[in-house]
Amino acid sequence: MTKKSLTKFFAGLLLGATVSLGAAAAFAGTTLDRVETSKQIVIAVSAKWPPHAFLDSHHQLEGYDIDVSNEIAKRLGVKVKFDTPDFNLVTGGHWHGRWDLAVFGITPTIARARVLDFPAIYYYSAYVFVVHKDSTAKTREDLKNVVFGVEGGTTADDYMHHALQIDAKSLPPFHYLDFTPTLRTYKTSLLPFEDLRLGNNVRLGAIIAEKETAMAAIKHGYPVKIIPNDIAYWEPVGIAADKGDPAFDQKIASIIADMKKDGTLKKISEKWFGADYTSINAN
């Protein structure tokens, strides 16, 4: 390559870098700008995760996440539009404007923090072991020879594979199972309960699930019970946003902080969970 060619080559690299920096600068703030301009916020939620988010008898979304989302939209001064994509699509990041926010029960992990921002924690949860009501199991050690059901791509799935890496401080220590479990994974958190309700060890012998989900299943007549005095692990649950808009993150963080300060978030939690789950001590 001649000296003249080299000059052109490096000039091209510099031009490309300038264009890239310009694009990055243009991208900064686009989520907040889009929401404020359109007067609408698109929020990704579940439709099959009571009491967090589910379809009622009128095919309308209800639940803790829905009330939190509506309150966020209210305080932003915009309308909310809900979308119910697959969980893994949301946690994979790179939304390209498809959603503005996710109120989807997403736990901040080291891997997820690489592709998502978590501007605020909006509740804390405990994961427990659930068995059929006819099971004689009383401790986790009694579950060595059963098939576990777990929602794939979740922290519960990570826990069962000894790969849980929650990206948060001041959480209680936890202990993995002392045996290698046989697993069956599902696309939603409710499907394992559907299989477990068929009978003890018919398809499943146990589930690892969020405590609130298990309690909701029991309340609605599912023939299951929680292994007592055994929390698999605690997790903070965050509101998620795509990377690239710190101003939007700061706005959402401020709204959630205000909701905690004025008691609104606590009231929503008590409405759906019967307790204040906005603190780790509530569980």
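Me: What is the mean pLDDT of the protein chain?
Reply: The mean is 89, and 89% of the residues reach 70 or more. pLDDT is the predictor's confidence in each residue, from 0 to 100. This is a predicted model: local features need pLDDT of at least 70, side-chain atom pairs count only at pLDDT 80 or more, and totals for chains, interfaces and linings use all residues. Residues are numbered from 1 along each chain as its sequence is written, and side-chain values use heavy atoms, with hydrogens and water left out.

Me: Where does pLDDT stay under 50?
Reply: Over residues 1-28. The model has 5 contacts beyond four places in sequence for that stretch. Contact means heavy atoms within 4.5 Å. Where pLDDT is low, the predicted coordinates should not be read in detail.

Me: How many helices and strands in the chain?
Reply: 9 helices and 11 strands. These are DSSP runs numbered from the N terminus: helices are H or I, at least four residues, and strands are E, at least two.

Me: And what share of the residues is buried?
Reply: 49% of the 283 residues. Buried means under 20% relative accessible area, exposed over 50%, partly exposed in between, with a 1.4 Å probe and protein chains only.

Me: Which residues have the most contacts inside the largest nonpolar core?
Reply: Ile41, Tyr64, Val68, Ile72, Leu101, Tyr122 and Ile239, in a core of 33 residues. A nonpolar core is a set of buried Ala, Val, Leu, Ile, Met, Phe, Trp, Tyr and Cys residues joined through side-chain atoms within 4.5 Å.

Me: Which helix gives the most to this core?
Reply: Helix α3, residues 64-76, with 6 residues.

Me: What does Ile239 touch?
Reply: Not counting residues up to four places away in sequence, its contacts include Val68, Ile72, Leu101, Tyr122, Ile252 and Ile256.

Me: Where is Phe129 found?
Reply: In strand β7, residues 116-132.

Me: Buried or exposed?
Reply: Phe129 counts as buried because its relative accessibility is 0%. Beyond four places in sequence, Phe129 touches residues including Leu143, Phe148, Leu177 and Ile208. Phe148 is 19 residues from Phe129 along the chain, and their C-alpha atoms are separated by 9.4 Å.

Me: Switching to α7. Which residues are buried there?
Reply: Lys211, Glu212, Thr213, Ala214, Ala216 and Ala217, in a helix spanning residues 211-219. The buried residues of α7 pack against β2 (48-49), β7, α6 (191-196), β10 (206-210), β11 (224-242) and α9.

Me: What follows α7?
Reply: Gly221, whose phi is positive, near 90°.

Me: At what angle do α8 and α9 pack?
Reply: About 75°, with the axes 4 Å apart. Axes are lines fitted to C-alpha atoms, for helices over the stretch in contact, and angles run from 0 to 180 degrees between N-to-C directions. So α8 and α9 are roughly perpendicular to each other. Angles of 65 to 115 degrees count as roughly perpendicular, under 35 as roughly parallel, over 145 as roughly antiparallel and the rest as oblique.

Me: Which residues meet?
Reply: Ile256, Met259 and Lys260 in α8 meet Thr264, Leu265 and Ile268 in α9. That contact divides into 4 nonpolar, 1 polar and 1 charged. Ala, Val, Leu, Ile, Met, Phe, Trp, Tyr, Cys and Pro count as nonpolar, Asp, Glu, Lys and Arg as charged, and the others, Gly among them, as polar.
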